Amino acid sequence: MNLLQSLLFFVVSLAASVVGAICGIGGGVIIKPTLDVFGWASASTISFLSGCTVLSMSCYSVVKSMRSGERQVNLRTGTSLAIGSVIGGVAGKQLFTYLQSLFSNPERIGAVQALCLGVITLGTLLYTLRKNSIRTHHILHPLACILIGLILGICSSFLGIGGGPINLVVLYYFFSMDTKTAAANSLYIILFSQIASLVTTVLTGTIPVFAPITLILMICGGIWGGILGRIINRKLSNLAVEKLFIALMVLIIGICIYNTIQ
């Protein structure tokens with residue numbers, strides 16, 4: 001990968017992390033399918049780079065939120081979800097490795113990821129458009145939260161997206177959170193699931209080949225995106241954040257359809 005390609009990866013990670021920090025979707029749901037379009041790296045490499053970028057952005061956003069005294073993260077519920085997401089993150093990484101080994105052409109796993117992401121995103125979009133007419137719940141039991149976090153962690157790690165839109169739908173439906181509160185709690189969950197996924201990759205020796213400068217640039221994009229995203233998020237209303245989220249879902253579905261066909 002040349003320097004120009006690495007710079008483009010940086011631009012994508014920066015833009016995705018800004019939007020990810022605003023909406024609470026982590027940015028990976030934009031980074032992964034967008035970089036797949038170019039075909040400059042393998043599905044496993046892009047998943048790894050995307051995961052590291054999301055980890056850097058979510059780490060900054062969560063730590064900054066905690067240090068500033070913001071109370072949007074429900075630590076009791078969020079921590080139970082995070083515990084489940086850690087277990088799910090490990091399981092999702094193992095699932096990705098297993099399915100990749102089943103294909104004679106390893107790049108076919110990219111098509112599987114794109115298809116799954118497209119279906120999940122479509123379901124998320126439909127729910128978001130109709131959520132005002134859907135009765136929500138207030139789940140409090142820790143074991144139920146851990147189980148929900150487990151499912152989120154598997155999806156996050158397997159798809160290489162950090163968490164994405166499915167986190168927000170789950171937080172809307174099962175915990176009756178508003179848009180901004182769900183965004184903050186989603187980033188908290190994403191942080192732990194991505195740590196688990198990264199540790200699993202390192203311990204199993206499945207780190208893909210990539211140019212170090214690309215990883216450095218994407219991590220910088222993730223952190224700077226987190227900074228800008230937090231600033232913008234505080235200036236936007238819940239309605240504005242929701243409209244941005246819906247527009248992103250439409251864009252992501254289109255990209256996933258293209259990637260699946262390709």
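The lining of the second largest cavity has five nonpolar, three polar and two charged residues. Here Ala, Val, Leu, Ile, Met, Phe, Trp, Tyr, Cys and Pro count as nonpolar, Asp, Glu, Lys and Arg as charged, and the others, Gly among them, as polar. This is a predicted model: local features need pLDDT of at least 70, side-chain atom pairs count only at pLDDT 80 or more, and totals for chains, interfaces and linings use all residues. Residues are numbered from 1 along each chain as its sequence is written, and side-chain values use heavy atoms, with hydrogens and water left out.

**Cavities**

The structure holds two cavities of 30 Å³ or more. A cavity is a set of points, on a 1 Å grid over the protein atoms alone, where a 1.4 Å probe fits but cannot get out; lining residues have an atom within 4 Å of a point. Grid points are joined across faces, edges and corners, and a volume is the space filled by probe spheres set on the points.

Helices are DSSP runs (H or I, at least four residues), numbered from the N terminus.

Now the largest cavity. The lining counts 17 residues, and S47, F48, G51, Q194 and S197 are the closest to the cavity centre. At least two lining residues come from each of helix 3 (43–67), helix 4 (75–102), helix 6 and helix 8 (179–203).

**Salt bridges**

Side chains of opposite charge can pair when their charged atoms come close. There are two salt bridges in the structure. The term means a side-chain nitrogen of Lys or Arg within 4 Å of a carboxyl oxygen of Asp or Glu.

One joins D36 to K32, with the closest N and O atoms 2.6 Å apart. Both residues belong to helix 2 (residues 28–38). They sit four residues apart, about one turn of the helix. Is K32 buried or exposed? K32 is buried, because its relative accessible area is 2%, and buried means under 20% (exposed is over 50%, partly exposed in between, with a 1.4 Å probe and protein chains only). K32 and I246 are 214 residues apart in sequence, yet their C-alpha atoms are 18 Å apart in space.

The other salt bridge joins E242 to K131, where the closest N and O atoms are 3.0 Å apart. This pair links distant parts of the chain, 111 residues apart. E242 is in helix 10 (residues 238–261). K131 is in the loop between helix 5 (108–130) and helix 6 (142–159). Both E242 and K131 are buried.

**Helix packing**

Two packed helices are described by the angle between their axes and the distance between the axes. Helix 4 and helix 6 pack at about 35 degrees, with axes 5 Å apart. Axes are lines fitted to C-alpha atoms over the stretch in contact, and angles run from 0 to 180 degrees between N-to-C directions. The crossing of helix 4 and helix 6 is right-handed, a term for a near helix turned clockwise from the far one by less than a right angle. The contact of helix 4 with helix 6 has 14 nonpolar, ten polar and one charged residues.

**Single residues**

L125 is in helix 5. L125 counts as buried, because its relative accessibility is 11%. L125 and F245 are 120 residues apart along the chain, and their C-alpha atoms are separated by 8.8 Å.

I227 lies in helix 9 (residues 212–235). I227 is partly exposed, with a relative accessible area of 31%. From I227 to L140 there are 87 residues in sequence and 32 Å in space, C-alpha to C-alpha.

Where does S176 lie? S176 is in the loop between helix 7 (165–175) and helix 8. S176 has a positive phi of about 55 degrees, although it is not a glycine. S176 is partly exposed, at 26% relative accessible area.

How values were computed:
On a 1 Å grid over the protein atoms alone, a cavity is a set of points where a 1.4 Å probe fits but cannot get out, and a pocket is an open set with protein on both sides within 12 Å along at least five of seven lines; lining residues have an atom within 4 Å of a point.
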